[in-house]
Amino acid sequence: MVDKFVGTWKMVSSDNFDEYMKALGVGFATRQVGNRTKPNFILNVDDQGLICMKSQSTFKTTEVKFKLNETFAETTADDRKTTTVVSLDNGKLVQKQTWDGKETTLEREVIDGQLVATCKMGDVVAVRTYVKEA
């Protein structure tokens with residue numbers, strides 16, 4: 001299941017994230033903070049199979065709890081109100097957010113011990129890489 005994603009992951013690189021945030025419609029000031037922030041990504045699963053995903057930084061912490069393949073309401077770090085569903089697809093944790101007729105996809109996969117998050121909005125792609133904390 002999602003066992004390989006469980007743990008605390010520290011960001012080590014972020015490529016093209018400013019362009020991705022622009023594509024989402026994020027304002028300049030928020031993008032400046034977003035580009036400087038290196039959040040930890042924390043994932044755990046409780047006894048009932050509820051998955052908790054947390055993005056934690058000195059600027060802002062966001063947290064969502066959900067079950068795979070079940071739609072839920074999410075307020076993103078940039079304050080978008082989205083309808084979100086997370087599924088497991090070919091070993092990737094795929095998070096689809098829809099709002100105001102728009103859609104973005106965040107695919108997370110573990111490659112060579114690193115968590116690679118690929119953020120897609122239209123033809124704009126950002127890649128953020130994390131390493132697991134011991």
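# Loops, cores and charge pairs

Reader: Where does Asn-69 lie?
Author: Asn-69 is in the loop between strand 4 and strand 5 (72–75). Helices (H or I, at least four residues) and strands (E, at least two) are DSSP runs, numbered from the N terminus. This is a predicted model, in which local features need pLDDT of at least 70 and side-chain atom pairs count only at pLDDT 80 or more, while totals for chains, interfaces and linings use all residues. Residues are numbered from 1 along each chain as its sequence is written, and side-chain values use heavy atoms, with hydrogens and water left out.

Reader: What is the phi of Asn-69?
Author: Asn-69 has a positive phi of about 65 degrees although this residue is not a glycine. Asn-69 is exposed, at a relative accessible area of 55%. Buried means under 20% relative accessible area, exposed over 50%, and partly exposed in between (1.4 Å probe, protein chains only).

Reader: And where is Asp-100?
Author: Asp-100 is placed in the loop between strand 7 (92–99) and strand 8. Phi of Asp-100 is near 45 degrees, a positive value in a residue other than glycine. Asp-100 is exposed, with a relative accessible area of 72%.

Reader: Turning to Thr-104, is this residue buried or exposed?
Author: Thr-104 is buried, because its relative accessible area is 0%. Thr-104 belongs to strand 8 (residues 102–111).

Reader: Which side chain does Thr-104 join in a polar contact?
Author: The side chains of Thr-104 and Tyr-20 are joined by a polar contact of 2.7 Å. A polar contact is a pair of N or O atoms within 3.5 Å; within protein, one must be able to donate a hydrogen and the other to accept it, and residues adjacent in sequence count only if both atoms are side-chain atoms. The side chain of Thr-104 also reaches the backbone oxygen of Lys-120, at 2.6 Å.

Reader: Which residues touch the most other members of the largest nonpolar core?
Author: They are Phe-41, Leu-43, Met-53, Phe-66, Leu-93 and Tyr-130, in a core of 16 residues. The elements giving two or more residues to this core are strand 1 (7–15), strand 2 (40–45), strand 3 (51–56), strand 4 (61–66) and strand 9 (114–121). Apart from this core lies another, of 11 residues, among them Tyr-20, Met-21, Leu-106 and Cys-119. A nonpolar core is a set of buried Ala, Val, Leu, Ile, Met, Phe, Trp, Tyr and Cys residues joined through side-chain atoms within 4.5 Å.

Reader: How many salt bridges are there?
Author: The count comes to nine salt bridges, each a side-chain nitrogen of Lys or Arg within 4 Å of a carboxyl oxygen of Asp or Glu. Asp-18, Glu-19, Lys-22 and Arg-31 are linked in a network of salt bridges.

Reader: Which residue forms a salt bridge with Asp-79?
Author: Lys-60 does, with the closest N and O atoms 3.7 Å apart. This pair links distant parts of the chain, 19 residues apart: Asp-79 is in the loop between strand 5 and strand 6 (81–89), and Lys-60 is in the loop between strand 3 and strand 4. Lys-60 is partly exposed, with a relative accessible area of 30%.

Reader: What about Glu-107 and Lys-120?
Author: Their side chains meet in a salt bridge (3.7 Å, N to O). Glu-107 in strand 8 and Lys-120 in strand 9 are 13 residues apart. Glu-107 counts as buried at 16% relative accessibility, whereas Lys-120 is partly exposed at 32%.
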